[in-house]
Amino acid sequence: MSAPTLSQIQAAHKKLAPHVLETPVWHWNNRQINAIVSDETDVFLKLELWQHTGSFKARGALLNILNLDADALARGVTAVSAGNHAIAVAYAASLVESSAKVVMFKSANPIRVETCRSFGAEITIVENVADAFAEVERIEKEEGRFFIHPFEGETTVTGTATLGYEWMKQLPDLDAIIVPIGGGGLCAGISAAVKQIRPQCQVFGVEPEGADSMHRSFAAGSPQAIDAVRTIADSLGAPYASPYSMDICRQNVDELVIIHDDEMKRSMALLFHSMKLAVEPAGAAATAALCGPLRDRLHGKQVGVIVCGANIDSVSFAEYIHGL
């Protein structure tokens with residue numbers, strides 16, 4: 001399968017520019033991070049948590065909606081999500097005066113449900129992931145709503161590729177970047193842009209131990225599913241990998257690494273105490289990989305680390321970092 005070309009990514013970036021933020025990068029150079037990775041490693045945070053809706057998901061959702069014709073917009077859109085994608089779809093629909101009906105899991109963080117509702121979305125709560133995909137399929141079929149997939153498809157991946165394009169414009173000399181993987185749409189898009197602009201930049205994909213569908217898919221050579229999601233990073237808890245995003249990741253990702261929930265908790269605390277950033281577990285995943293399995297490998301390099309989301313309530317955040 002073909003990744004989005006650089007010209008397609010540039011066109012998408014231009015199309016999205018009026019509606020998304022160019023999020024900043026920050027040279028993370030203080031005693032807390034240097035004590036872990038040493039001051040010989042230059043760490044640059046891509047602060048996508050400051051994007052509209054609190055995560056990178058706004059890019060893919062918006063590009064999908066901006067590509068719809070008037071009839072499709074009149075019928076509205078639908079989506080399935082643990083939270084961040086649902087929020088992004090609701091936000092995107094509100095911008096173009098369309099309607100969104102989203103399906104969320106019973107376990108979804110309450111603040112994500114309320115944020116989604118604040119953008120005017122109609123929300124259906126179901127018991128689990130399997131029920132959610134069945135319900136969204138029903139909505140798509142019976143109501144004619146356009147389904148915006150949370151991580152699969154060329155348009156969604158092209159939307160996330162604009163983040164990689166933007167990142168390379170800001171930091172053209174990076175030796176490596178670290179990107180979390182849930183379903184793979186973020187990593188597929190970023191890596192497609194990065195490898196076309198700076199082929200020598202290494203791309204590392206990061207999965208939590210309890211949601212390793214991309215590791216399994218790489219090993220099998222085809223998209224694989226997991227029987228259950230077992231991680232605090234619900235934003236990375238995709239139940240399966242899909243063909244397009246998986247194939248683009250296989251083309252452009254140099255290596256996958258595994259992190260553990262405790263490493264994400266420690267990195268949440270580190271980002272809070274060192275950078276004053278309160279992030280969700282998935283938002284700390286790339287930092288956890290830098291401070292853990294990739295620390296020695298990337299010693300002395302210029303490393304880009306994405307902070308991809310921060311949609312978490314204060315009580316849950318405090319519980320995760322308590323005592324760390």
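User: Let's start with the second largest pocket. Which residues line the second largest pocket?

Analyst: Keep in mind that this is a predicted model. A lining list is read by asking which residues come up against the open space. Here the second largest pocket is lined by Q32, I36, E263, R266, S267, A269, L270, H273, A288, C291 and G292. The space inside comes to about 220 Å³.

User: Which elements give two or more residues to that lining?

Analyst: Those are α2 (31–37), α12 (261–275) and α13 (285–291). Of these, α12 supplies the largest share, with six residues.

User: Since α12 came up, how do I read its crossing with α14?

Analyst: Look at how the two axes approach and at what angle. The axes of α12 and α14 (residues 314–321) come within 8 Å, crossing at roughly 110°. Angles of 65 to 115 degrees count as roughly perpendicular, so α12 is roughly perpendicular to α14.

User: And which residues meet there?

Analyst: From α12 you have K265, M268, A269 and F272, and they meet F317, Y320 and I321 of α14. That contact divides into six nonpolar residues, no polar ones and one charged. Notice A269, which also lines the second largest pocket.

User: What about the largest pocket: which residues lie nearest its centre?

Analyst: A82, D234, S235, G237 and A238 do, out of 35 lining residues. Elements giving two or more residues to this lining are β3 (77–81), α5 (84–95), α7 (129–143) and α9 (185–197). The pocket holds about 630 Å³ of space, and its lining is 18 nonpolar, 14 polar and three charged residues.

How values were computed: Residues are numbered from 1 along each chain as its sequence is written. This is a predicted model: local features need pLDDT of at least 70, side-chain atom pairs count only at pLDDT 80 or more; totals for chains, interfaces and linings use all residues. Side-chain values use heavy atoms; hydrogens and water are left out. On a 1 Å grid over the protein atoms alone, a cavity is a set of points where a 1.4 Å probe fits but cannot get out, and a pocket is an open set with protein on both sides within 12 Å along at least five of seven lines; lining residues have an atom within 4 Å of a point. Grid points are joined across faces, edges and corners, and a volume is the space filled by probe spheres set on the points. Helices (H or I, at least four residues) and strands (E, at least two) are DSSP runs, numbered from the N terminus. Ala, Val, Leu, Ile, Met, Phe, Trp, Tyr, Cys and Pro count as nonpolar, Asp, Glu, Lys and Arg as charged, and the others, Gly among them, as polar. Axes are lines fitted to C-alpha atoms, for helices over the stretch in contact, and angles run from 0 to 180 degrees between N-to-C directions. Angles under 35 degrees count as roughly parallel, over 145 as roughly antiparallel, 65 to 115 as roughly perpendicular and the rest as oblique. Contact means heavy atoms within 4.5 Å.
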